[in-house]
Amino acid sequence: MVDYKIVKYCRACKKRFVVNRDESKLNFCVKCQNIHKEENK
């Protein structure tokens, strides 16, 4: 099976980011993920 990358758009800041195929469920970029993790604590 070929391992490829997917271009996605962040739901919060609307920036483009690239993820591996196995991480296709991510909806937020790394910066916004950190912000949401801190808010949920």
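A: Strands here are DSSP runs of E, at least two residues long, numbered from the N terminus. Keep in mind that this is a predicted model. By that rule, Val-7 sits in strand β1, which covers residues 5-9.

Q: Which elements does the protein have, and in what order do they run?

A: There are two strands and one helix. Starting at the N terminus, the order is β-β-α. The C-alpha trace spans about 40 × 20 × 10 Å along its principal axes.

Q: Back to Val-7: is it buried, partly exposed or exposed?

A: Buried means under 20% relative accessible area, and exposed means over 50%. Val-7 has 47%, so it counts as partly exposed. Together with Tyr-9 and Val-18, Val-7 makes a nonpolar surface patch of about 310 Å².

Q: And how much of the protein is buried?

A: Of the 41 residues, 15% are buried. The protein exposes about 3800 Å², with 51% of that supplied by carbon and sulfur atoms.

Q: Which residues make up the largest nonpolar core?

A: A core is built from buried nonpolar residues joined through side-chain atoms within 4.5 Å. The largest one here has five members: Cys-10, Phe-17, Val-19, Cys-29 and Cys-32.

Q: What does Phe-17 touch, leaving out residues up to four places away in sequence?

A: Among its contacts are Val-7, Tyr-9 and Cys-10 on one side of the sequence, and Leu-26, Phe-28 and Cys-29 on the other.

Q: How much do residues 24 or more positions apart contribute to the contacts with a separation of 6 or more?

A: They account for 2% of those contacts.

Technical notes:
Residues numbered from 1 in each chain as written. Predicted model: local features only at pLDDT ≥ 70, side-chain atom pairs only at ≥ 80, totals over all residues. Heavy atoms only, no water. Buried < 20%, exposed > 50% of the residue type's maximum accessible area, 1.4 Å probe, protein only. Contact = heavy atoms within 4.5 Å. Patch = residues over 30% accessible without salt bridge, like charges linked within 9 Å, V, L, I, M, F, W, Y side chains within 5 Å. Areas by Shrake-Rupley, 256 points an atom, 1.4 Å probe, with all protein chains shown as cover. Salt bridge = Lys/Arg side-chain N within 4 Å of Asp/Glu carboxyl O. Helix = DSSP H or I, 4+ residues; strand = E, 2+ residues; numbered from the N terminus.
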